[in-house]
Structures are given as structure tokens and as C-alpha cells.
Amino acid sequence: MTTNRRVAVTSPQTRLAHARRRHRGRWRPATLDPADAERAVRLYRAQRTRSALALALLFALVFGLPVLLAAFPALDELRLLGIPVSWIAVAVLPFPAMVTLAWWQLRRAERTEDAEGPG
């Protein structure tokens, strides 16, 4: 019989998960430097406030388009290239609008970070 010790080979993520489980209490990520933490909180609040408008526009798009189509049933009769305009509005319009909205919100968030300046 050999005296070699058996060793379990695991990935770093598994070892990290086991270490978290052994640690008592909730696992928390490393904390920021107090000056950086204050800046991060200010940025978070400013970006959260600015994102409310983008979120409202997204809801208006997602829920307003069906309401608009229900309000104007004549769009079902109107055809473009043989396809009802209401179908085109549902299939084509929302996705470029969402991409544009996401791009606009990203630029606003970056401008907020630039205005805050480096930490």
C-alpha cells in the first residue's frame, strides 16, 4: 500500500465557491477606497436618475405601439409592398428604436462619468 495522499483537482472557480461556503456569514466583494466609494455612489445615483427617462421611453414604445395600432385599425388596411403597415410597425419599428434608445442612454451615462471626472 502506498502512502501517497489523494488530492482533489478542481477549477479555481470551484475552489472559490468552496472557500465562500466555508466562510461564515454572507460573502461580500472587496470594498472600495472611501474616496472611490463616495464617487461610485454619486455616479450610481446620477445615472439612475438619468435612466428613468430612457426606461419611460422604453415602456412607451413597448406598450404604446399596441395601443396606437388598436386606436388606428385603418393601418391594417393600408399596405406597403403588399404587407399591412401594422405588421411592419410591429416587426420592424421596435428593434431599431430600442437600439437607438440604448445607444442614447449609454452616451448619457458616459457623459455623466466624464463630467464627474477621474477619481
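Visitor: Which helix holds F95?
Guide: The model is predicted: local features need pLDDT of at least 70 and side-chain atom pairs pLDDT 80 or more, while totals for chains, interfaces and linings use all residues. Residues are numbered from 1 along each chain as its sequence is written, and side-chain values use heavy atoms, leaving out hydrogens and water. With helices taken as DSSP runs of H or I, at least four residues, numbered from the N terminus, F95 is found in α5.

Visitor: Which element gives the most residues to the nonpolar patch?
Guide: L55, F59, V62, F63, F95 and M98 make a nonpolar surface patch of about 590 Å² (Shrake-Rupley, 1.4 Å probe; residues with over 30% relative accessible area and no salt bridge, nonpolar side chains joined within 5 Å). Both α2 and α5 give two or more residues to it. The most, four residues, come from α2.

Visitor: How are α2 and α5 oriented to each other?
Guide: Their axes (lines fitted to C-alpha atoms over the stretch in contact, angles from 0 to 180 degrees between N-to-C directions) come within 10 Å and cross at roughly 165°. Angles over 145 degrees count as roughly antiparallel. The two helices, α2 and α5, are therefore roughly antiparallel.

Visitor: Which residue forms a salt bridge with R42?
Guide: A salt bridge is a side-chain nitrogen of Lys or Arg within 4 Å of a carboxyl oxygen of Asp or Glu, and the structure holds three. With the closest N and O atoms 3.2 Å apart, the partner is E38.

Key:
Angles under 35 degrees count as roughly parallel, over 145 as roughly antiparallel, 65 to 115 as roughly perpendicular and the rest as oblique. Patches are made of residues with over 30% relative accessible area and no salt bridge: like charges are joined within 9 Å, nonpolar side chains (Val, Leu, Ile, Met, Phe, Trp, Tyr) within 5 Å.
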